[in-house]
Amino acid sequence: MDCGTSMVKYILFIFNTIVSVIGILGIVFGVLILNSIGTIEVNGQVGFPPQALLPIILITLGSIVVFISFLGCCGAIRESVCMTMSYAVCLLVLLILQLTIVVLLFVNKEKFNMAMGEVIDKAWESREAREGGVFDAIQKSLKCCGRNGATDYVGQIFSGGLPASCCEGSCLNPTNIYGGCHDKFVNFMAGSSETAKYAGIGLIVVELVGFIFACCLANNVRNYKRRNGY
């Protein structure tokens, strides 16, 4: 094996080791965020609130990155054309998916914010969600009150006053009452999507470098084996 191919091999191995660590950190970060968000309980059933979507995506993406990086490490160290090309194809598919998501987030920013707002609007407009405790669980998770604020509860027969989840401490003190859930959820998801966009761009650049190195290594190993076959 020539010096250039050996160098590419070890660069790819080190590169994938670093990417694996980044993937593991992404999983840990996602778990920490998910833990800080917590769960909600409705009618005895425990689940995650709407804002848990992004950390779940982060954990899933981190797991995929770790798997693909492991494949790349094995392919590089074993000088396996099959494993290295499988790694390159997986990386290319992941790269295209991430690029599509990032572009959609940039182009459809307003639509994304509107869609997130509709999640709260539909939950508020559903009588079953309000009386069944779903909206109360959302209020506890987001630390918010009503769709647009505490005034949404004025005249609501089912409320019997402000729910305890609307306030930090006693609801008799107006300064303890939280703001509306609509704006709070939209702002939370908008901020998270901004972070996701730029983190996605960074990952795309890193994955593109890995894809180029993988193709170079696979091509060099294939040519080396062909030359030795004659």
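Helices here are DSSP runs of at least four residues, numbered from the N terminus, and the model they come from is predicted.

**Close-up 1. Helix α2 from end to end.** Let's start with α2, which covers residues 53-78, 26 residues in total. From its first C-alpha to its last, α2 reaches 38 Å, close to the 38 Å expected at 1.5 Å a residue. Its buried residues include P55, I59, G62, V65 and I68. Further along in α2, G72, C73, C74, G75 and A76 are also among the buried residues. Just after the helix comes E79, with a positive phi of about 55 degrees.

**Close-up 2. The largest pocket.** Here we look into about 950 Å³ of space. The pocket is lined by 35 residues, and those closest to its centre are L54, I57, L58, L61 and A196. At least two lining residues come from each of α1 (3-37), α2, α3 (81-107), α4 (109-125) and α7 (181-229). By type, the lining consists of 24 nonpolar, 10 polar and 1 charged residues.

**Close-up 3. The largest cavity.** Searching the whole structure turns up 1 cavity of 30 Å³ or more. The largest cavity holds about 80 Å³ of space. Helices α1, α2, α3 and α7 each give at least two residues to its lining. Among the lining residues are F15, N16, V19, Y87, L91 and E207. The lining splits into 9 nonpolar, 2 polar and 1 charged.

Terms used:
Residues numbered from 1 in each chain as written. Predicted model: local features only at pLDDT ≥ 70, side-chain atom pairs only at ≥ 80, totals over all residues. Heavy atoms only, no water. Expected span 1.5 Å × (residues − 1). Buried < 20%, exposed > 50% of the residue type's maximum accessible area, 1.4 Å probe, protein only. 1 Å grid on protein atoms, 1.4 Å probe; cavity = no way out; pocket = protein on both sides within 12 Å on 5 of 7 lines; lining within 4 Å. Points joined across faces, edges and corners; volume = space filled by probe spheres on them. Nonpolar A, V, L, I, M, F, W, Y, C, P; charged D, E, K, R; others polar.
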